[in-house]
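Please examine the sequence and the three-dimensional structure shown here before reading the report that follows.

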Amino acid sequence: MLHSTLALSLLLIAVSSNLAMAVKKEKRTPQTLSRGWGDDITWVQTYEEGLYQAKKSNKPLMVIHHLEDCQYCQALKKAFAENEEIQEMAQNNFVMLNLMHETTDKNLSPDGQYVPRIMFVDPSLTVRADIIGRYSNRLYTYEPQDIPFLIENMKKALRLLQTEL
């Protein structure tokens with residue numbers, strides 16, 4: 001009995017060791033702050049850091065609320081990451097933050113806590129309620145086909161920065 005228990009234990013150790021080595025060899029994409037929205041973009045970690053960087057750099061903060069398991073978020077993320085104009089503007093003209101959780105700032109959920117949701121905060125730390133998407137029931141949402149509209153809203157955020165602040 002002792003001999004068969006010992007043999008079974010050794011077998012389990014060998015199998016689990018081989019399994020562990022197979023898992024280690026599997027290529028994994030490193031998790032970055034971009035979460036797939038654009039690896040060349042410099043992302044801030046928190047909303048508070050984003051506000052600080054926006055004020056310090058005099059750039060608008062672009063906040064993207066999303067969830068990893070949301071099909072609409074995934075579709076928008078893909079379109080966002082593939083659009084060169086968005087990627088260039090995001091990298092050079094905005095402080096960027098993507099969140100998979102809500103913030104304590106209720107100004108970032110004026111019409112609800114849905115995803116995807118993209119909002120702009122200017123360097124005076126004002127959430128821009130005048131830069132919205134095209135849907136009346138979800139003011140700050142964008143869909144993949146709305147990428148040209150999102151680009152226009154990004155340009156609007158930059159224009160308002162020049163004219164109002």
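The side chain of Asp146 meets that of Arg134 in a salt bridge with an N to O distance of 3.6 Å, a salt bridge being a side-chain nitrogen of Lys or Arg within 4 Å of a carboxyl oxygen of Asp or Glu. Both Asp146 and Arg134 lie in the loop between β3 and α5, so the pair ties together parts that are 12 residues apart in sequence.

The model is predicted, so that local features need pLDDT of at least 70 and side-chain atom pairs count only at pLDDT 80 or more, while totals for chains, interfaces and linings use all residues. Residues are numbered from 1 along each chain as its sequence is written, and side-chain values use heavy atoms, with hydrogens and water left out.

## The sheet

An open sheet of 3 strands is arranged in the order β2-β1-β3 with mixed pairing; two strands pair if DSSP finds at least two bridges between them, and the elements are DSSP runs numbered from the N terminus, helices being H or I of at least four residues and strands E of at least two. The edge strands, each pairing on one side only, are β2 (95-99) and β3 (117-121). From one strand to the next the twist averages 15 degrees, with axes taken as lines fitted to C-alpha atoms, for helices over the stretch in contact, and angles running from 0 to 180 degrees between N-to-C directions.

Strand β1 (residues 61-65) runs antiparallel to β3 and is joined to it by 5 bridges. Within this pairing Ile64 stands opposite Ile118, and Met62 has Phe120 as its bridge partner. In a regular strand the side chains alternate between the two faces of the sheet. In β3, Arg117, Met119 and Val121 point one way and Ile118 and Phe120 the other, and all are buried.

## The cavity

The count comes to 1 cavity of 30 Å³ or more, a cavity being a set of points, on a 1 Å grid over the protein atoms alone, where a 1.4 Å probe fits but cannot get out. The largest cavity holds about 60 Å³ of space, the volume being the space filled by probe spheres set on the points, which are joined across faces, edges and corners. It is lined by 11 residues, of which Asp122, Arg128, Ala157, Leu160 and Leu161 lie nearest its centre, and lining residues have an atom within 4 Å of a point.

The elements that give two or more residues to this lining are β3 and α5 (147-164), and the largest share, 3 residues, comes from α5. Two of the residues nearest the centre, Asp122 and Arg128, have side chains that meet in a salt bridge at 3.2 Å, N to O. Asp122 counts as buried at 7% relative accessibility, and Arg128 counts as buried at 11%.

The structure holds 9 salt bridges. In one of them Lys155 pairs with Glu85, the closest N and O atoms being 3.1 Å apart, and this pair links distant parts of the chain, with Lys155 in helix α5 and Glu85 in helix α4 (residues 84-93), 70 residues apart. Lys155 is partly exposed at a relative accessible area of 30%, and Glu85 is partly exposed at 35%. Glu85, Glu152 and Lys155 are linked in a network of salt bridges.

Methods. On a 1 Å grid over the protein atoms alone, a cavity is a set of points where a 1.4 Å probe fits but cannot get out, and a pocket is an open set with protein on both sides within 12 Å along at least five of seven lines; lining residues have an atom within 4 Å of a point. Buried means under 20% relative accessible area, exposed over 50%, partly exposed in between (1.4 Å probe, protein chains only).
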